[in-house]
Amino acid sequence: MLKPVESGPAVVACNTCRLSADARDDAEGRRGGARLVAALREVQASDPAYAAVAVQEMPCLFACADFCTVHLRAPDKVGYVMGRFAPDEESARAILDYAVLYAGSEMGQVPFKQWPAGVKGHFITRTPPPGFVVE
């Protein structure tokens with residue numbers, strides 16, 4: 001079943017993702033995805049600069065080979081799936097820093113020199129918005 005959410009810029013995090021390549025859960029039995037969602041929400045709440053980007057969650061983004069995945073999306077912009085993050089504050093801040101740049105971009109493309117170090121090497125796919133392809 002689909003659940004309606006805001007249609008603006010959003011980080012959609014997989015709340016059922018593995019903790020790491022080698023472990024499904026942490027010592028308390030929490031999935032990495034659930035921990036990443038909690039970190040994203042905590043970092044977002046700590047700084048009004050992140051208010052324009054929604055933090056949303058859903059089970060399984062089907063990127064299971066790449067633990068702790070997120071989908072970055074916004075209307076009429078290229079979307080991105082990123083993964084292999086540690087489910088912690090540092091990763092959450094890097095994701096949200098990139099998301100703010102993404103939200104402010106015309107088509108969802110952020111120049112590489114502006115990428116936070118914490119997202120480099122974490123991109124899995126990019127997806128065109130409905131009705132478009134990238135030139």
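Trainee: Do strand 1 and strand 3 pair in the parallel or antiparallel sense, and over how many bridges?

Mentor: Before anything else, keep in mind that this is a predicted model. Strand 1, residues 10–14, pairs with strand 3, residues 70–73, in the antiparallel sense, and there are four bridges between them.

Trainee: Which residue stands opposite Ala 13 there?

Mentor: That's Val 70, in strand 3.

Trainee: And in what order do the strands sit in the sheet?

Mentor: The order is 2-1-3-4-5, in an open sheet of five strands with mixed pairing. Strand 2 and strand 5 (123–127) are the edge strands, each pairing on one side only. On average, neighbouring strands of this sheet are turned by 20 degrees against each other, ignoring direction.

Trainee: Which strands does helix 1 lie across?

Mentor: Helix 1 lies across strands 1, 2 and 3, and runs at about 165 degrees to strand 2.

Trainee: And helix 2, which strands does that one lie across?

Mentor: Helix 2, residues 89–104, lies across strand 1, strand 2, strand 3, strand 4 (79–82) and strand 5. Relative to strand 3, helix 2 runs at about 20 degrees.

Trainee: Changing topic: where is Ala 49 found?

Mentor: Look in the loop that links helix 1 (32–46) to strand 2 (54–58).

Trainee: Why does Ala 49 count as partly exposed?

Mentor: Because its relative accessibility is 46%, and the partly exposed class runs between the buried cut-off of 20% and the exposed cut-off of 50%.

Trainee: What separates the C-alpha atoms of Ala 49 and Asp 97?

Mentor: They are 8.8 Å apart, although the two residues are separated by 48 residues along the chain.

Trainee: Back to the whole protein, then. What is the radius of gyration?

Mentor: The protein has 14 Å, which agrees with the value near 14 Å that a compact globule of 135 residues would have. The C-alpha trace spans about 45 × 30 × 30 Å along its principal axes.

Trainee: What share of the residues counts as buried?

Mentor: Of the 135 residues, 41%. As for the surface, the protein exposes about 7,700 Å², with carbon and sulfur atoms supplying 57% of that area.

Trainee: Last one: what share of the contacts joins residues at least 24 apart?

Mentor: That would be 65%, taken among contacts between residues at least 6 apart in sequence.

Methods
Residues are numbered from 1 along each chain as its sequence is written. This is a predicted model: local features need pLDDT of at least 70, side-chain atom pairs count only at pLDDT 80 or more; totals for chains, interfaces and linings use all residues. Side-chain values use heavy atoms; hydrogens and water are left out. Helices (H or I, at least four residues) and strands (E, at least two) are DSSP runs, numbered from the N terminus. Buried means under 20% relative accessible area, exposed over 50%, partly exposed in between (1.4 Å probe, protein chains only). Two strands pair if DSSP finds at least two bridges between them. Axes are lines fitted to C-alpha atoms, for helices over the stretch in contact, and angles run from 0 to 180 degrees between N-to-C directions. Contact means heavy atoms within 4.5 Å. The radius of gyration is taken over C-alpha atoms; the globule rule is 2.2 Å times the number of residues to the power 0.38. Accessible areas come from the Shrake-Rupley method with a 1.4 Å probe; for residues, only the protein chains shown count as cover.
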